[in-house]
Amino acid sequence: MSPATGGSARRGPVSRAVAAVALWPWWVQLGLIWLGSRVLTTVMLLGFARDQEVNPWTGASPSYADFAAMWDSRWYQIVAASGYPSELPITDDGHVGENAWAFMPVYPMVVRALTGLTGLGWAAAAVVVSVACATAAVFVLYRLLRLRLDHGTALVGATLFSVAPVSPILQLGYAESLHALLLVCSLLLVMRRNYLAAAPLIVVASFTRPTGLAFSLFLLLLWIVRMVRRARAGFPVRERWTLAVTAALSGVAGLAWPAIAWAVTGSVTAYTDTELAWRSVYIGHQHLVPFAAWFQGLDWWTQRWVGVPLGWLVVPALVALGVWGLRSRAGARMGIEVRLWLLSYGVYLLAVFFPQSSTFRLLLPLFPVVGMLAVPRSAAYRTALIAACIVLQWWWIDACWRVDGADWTPP
């Protein structure tokens, strides 16, 4: 018996199976991981659906599709059916109330097109669009990670994306899957320096989820970094112009939706007033002051949890943690583009969003961070991280998606 044969014989069946799978094409390996992650999440969602009580969106124990089309999915359905109001709803105390202008049109129009082509109901079509886009996104993400990481590490990163705590949203009636696909394709093109090719995707993404301004900041910072490094890393004139043009288009796209809301309603603050309506249940009606919301929100949350407002402490701690991650060796492995995107979207969130239960979902565009998290090669670390993500999926569905009476924790 040869040494190689003897070594193979001594390995257990699990080790032999892993070794065999490692010889398969990357897309087969990733496909199996993705399929397994979706089966696991679907089982969780079906379990919660079975125990779901009557709520504003469904009856008791709804079907999977109906359970997946709760919460803001109904707003997308309203947009698909009747568009946007020309008159903003006004509450009894004289402020703009919650309305469809907070929800951008690309996802509901895609779902509407599918319902027209197939005859599927809204809920089923919304799930099909989300799952299809998420499936494509995870494969593109792997290709993006492979620009900086070896196959095994990229596969772990894609696995983390597949089982992330908020990954159930990838198969629910929300725009996140479609936006993730557009975003990862845009990032991949930018990393390959095909800037103009990314521009149409960035524009469409800006009408899917509000990230156009964040992407514009990202491209502006990238232009500055490449300009500073041009002597040693090169920055051809053509790339200077195409990157600048793409950054400008992204900025225009980011401002376009508030401008459209203004044109239709006649109110210059129609979009921001609409967004502010959702945070009024926490801190009342206030004006949008950049970078103030996280201090206000975390003051509210820490006052509720520990009896003392600690936003002044928690916000700087979160910023310091983010800076440390971007400057870490794992961050450096991912390259300047990924780090600048994470920085830009983080700054955008700090500037305009109010921290509440929806914030977990709003963190999803930071998903390239999975490459950084996958860098440590310890099997124990990777196993523990994947297991923790799966447990937190269950927590997220229970805390944010399942409707529990007068629920105040929207996803």
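Mentor: Start with what counts as a helix: a DSSP run of H or I, at least four residues, numbered from the N terminus. The place of valine 245 is in helix α13. Keep in mind that this is a predicted model.

Trainee: Why is valine 245 called partly exposed?

Mentor: Buried means under 20% relative accessible area, and exposed means over 50%. Valine 245 has 37% relative accessibility, so it counts as partly exposed.

Trainee: What makes the nonpolar surface patch?

Mentor: Five side chains do: Leu196, Val237, Trp241, Val245 and Leu249. Their patch covers about 490 Å². Patch residues need over 30% relative accessible area. Valine 245, at 37%, is therefore above that cut-off.

Trainee: Which helix gives the most to the nonpolar patch?

Mentor: Helix α13, residues 237-265, with 4 residues.

Trainee: How do you know that the span of helix α6 agrees with its number of residues?

Mentor: The expected span is 1.5 Å times one less than the number of residues. For the 13 residues of α6 (residues 106-118), that should be 18 Å. The end C-alpha atoms are 18 Å apart, so the two agree.

Trainee: Which residues of α6 are buried, and what do they pack against?

Mentor: Val106, Tyr107, Pro108, Val111 and Leu114 are buried. The buried residues of α6 pack against α5, α7, α9 and α10. Just after α6, glycine 119 takes a positive phi of about 80°.

Trainee: What makes the phi of serine 61 worth a remark?

Mentor: Most residues other than glycine have a negative phi. Serine 61 is not a glycine, yet its phi is positive, about 45°. Serine 61 lies in the loop between α3 and α4. With a relative accessible area of 45%, serine 61 is partly exposed.

Trainee: And where is phenylalanine 291?

Mentor: In the loop between α14 and α15. Phenylalanine 291 has a positive phi too, about 70°. Its relative accessible area is 43%, between the 20% and 50% cut-offs, so phenylalanine 291 is partly exposed.

Trainee: Which residues have the most contacts inside the largest nonpolar core?

Mentor: Leu144, Phe215, Trp341 and Trp401, in a core of 115 residues. α7 gives the most to this core, with 14 residues. Leucine 144 touches several residues beyond four places away in sequence, among them Val184, Leu187 and Met334. A second, separate core has 5 residues, including Tyr282, Ala293, Trp301 and Phe354.

Methods: Residues are numbered from 1 along each chain as its sequence is written. Side-chain values use heavy atoms; hydrogens and water are left out. Patches are made of residues with over 30% relative accessible area and no salt bridge: like charges are joined within 9 Å, nonpolar side chains (Val, Leu, Ile, Met, Phe, Trp, Tyr) within 5 Å. Accessible areas come from the Shrake-Rupley method with a 1.4 Å probe; for residues, only the protein chains shown count as cover. A salt bridge is a side-chain nitrogen of Lys or Arg within 4 Å of a carboxyl oxygen of Asp or Glu. Helices (H or I, at least four residues) and strands (E, at least two) are DSSP runs, numbered from the N terminus. Buried means under 20% relative accessible area, exposed over 50%, partly exposed in between (1.4 Å probe, protein chains only). Contact means heavy atoms within 4.5 Å. A nonpolar core is a set of buried Ala, Val, Leu, Ile, Met, Phe, Trp, Tyr and Cys residues joined through side-chain atoms within 4.5 Å.
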